[in-house]
Amino acid sequence: MANGDLNQLELWAGSLLAKLSASGRKALTRLIGRDLRQSQAQRIAAQKEPDGTPYTARKAPSKNLRGKRGSIRRGKTTMFAKIRTARWLKINADINGVEVGFGGRAARIARVHQEGLEDKPSSGAREVRYARRQLLGFSPADREMVRNHILDHLKS
């Protein structure tokens with residue numbers, strides 16, 4: 001998302017939200033944060049960028065990962081299955097705004113993928129450059145959802 005789009009949304013909403021009481025702003029930011037976290041988690045599960053394009057595919061495994069005979073085999077695994085849960089994808093809402101982001105160790109993993117940095121997959125492994133996969137970002141639907149929440153809150 002371009003910084004200009006976010007700044008325009010902030011300017012438009014800022015003057016309207018300044019008229020609300022502190023408790024009204026906090027309730028609104030909590031509602032927006034909850035819905036943003038849900039939409040981000042759904043988008044991560046669908047493995048799509050905020051603009052709707054699919055994530056860069058994983059590198060094909062280089063060794064036989066079939067497992068031992070008789071072991072339970074999983075189906076197709078998705079990237080970021082645990083990181084998109086509420087345990088790691090956090091909301092911080094107050095009267096001044098709302099933040100949706102990752103906490104703990106997940107924040108480092110998310111940053112590596114968000115920015116396409118190098119990291120070690122395990123402690124003894126060599127460094128690998130990860131493809132850029134934008135985990136967090138505003139889609140047009142997210143901007144519309146924020147706008148609708150603000151307008152609905154002002155109507156009531």
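Leaving aside its neighbours within four places in sequence, which residues is Thr-56 in contact with? Here are my notes, with that one picked up in point 5.

1. A word on the model before anything else. This is a predicted model, where local features need pLDDT of at least 70, side-chain atom pairs count only at pLDDT 80 or more, and totals for chains, interfaces and linings use all residues. Residues are numbered from 1 along each chain as its sequence is written, and side-chain values use heavy atoms, with hydrogens and water left out.

2. The overall layout. The protein chain has 4 helices and 4 strands, and from the N terminus on they come in the order α-α-β-β-α-β-β-α. Helices (H or I, at least four residues) and strands (E, at least two) are DSSP runs, numbered from the N terminus. Of the 156 residues, 27% are buried; that word means under 20% relative accessible area, with exposed over 50% and partly exposed in between (1.4 Å probe, protein chains only). Take the contacts (heavy atoms within 4.5 Å) between residues at least 6 apart in sequence: 57% of them join residues at least 24 apart.

3. The H2 and H4 pair. Helix H2 (residues 22-45) packs on helix H4 (residues 140-155) at an angle of about 155°, with the axes 10 Å apart. That makes H2 roughly antiparallel to H4, a label for angles over 145 degrees, while those under 35 count as roughly parallel, 65 to 115 as roughly perpendicular and the rest as oblique. The axes are lines fitted to C-alpha atoms, for helices over the stretch in contact, and angles run from 0 to 180 degrees between N-to-C directions. From the H2 side, the residues that meet H4 include Leu-28, Leu-31, Ile-32 and Leu-36; among their partners in H4 are Met-145, Val-146 and Ile-150. The residues of this contact divide into 7 nonpolar, 5 polar and 2 charged. For that tally, Ala, Val, Leu, Ile, Met, Phe, Trp, Tyr, Cys and Pro count as nonpolar, Asp, Glu, Lys and Arg as charged, and the others, Gly among them, as polar.

4. Thr-29 is in helix H2 and counts as buried at 10% relative accessibility. Its side chain reaches the backbone oxygen of Lys-26 at 2.9 Å. Not counting residues up to four places away in sequence, Thr-29 touches Ala-93, Asp-94, Gly-97 and Val-98. Ala-27 also lies in H2, and at 36% relative accessibility it counts as partly exposed.

5. Apart from neighbours within four places in sequence, Thr-56 is in contact with Met-79, Ala-131, Arg-132 and Arg-133. For Ala-131, which is 75 residues apart from Thr-56 along the chain, the C-alpha separation is 6.6 Å.

6. Two backbone angles to look at. Gln-47, in the loop between H2 and E1, has a phi near 55°, a positive value in a residue other than glycine. Phe-80 lies in the loop between H2 and E1, and has a positive phi of about 60° although it is not a glycine. Are these two buried or partly exposed? Gln-47 is partly exposed at 22% relative accessibility, whereas Phe-80 is buried, with a relative accessible area of 11%.

Technical notes: Polar contact = N/O pair within 3.5 Å; in protein donor to acceptor, adjacent residues only side chain to side chain.
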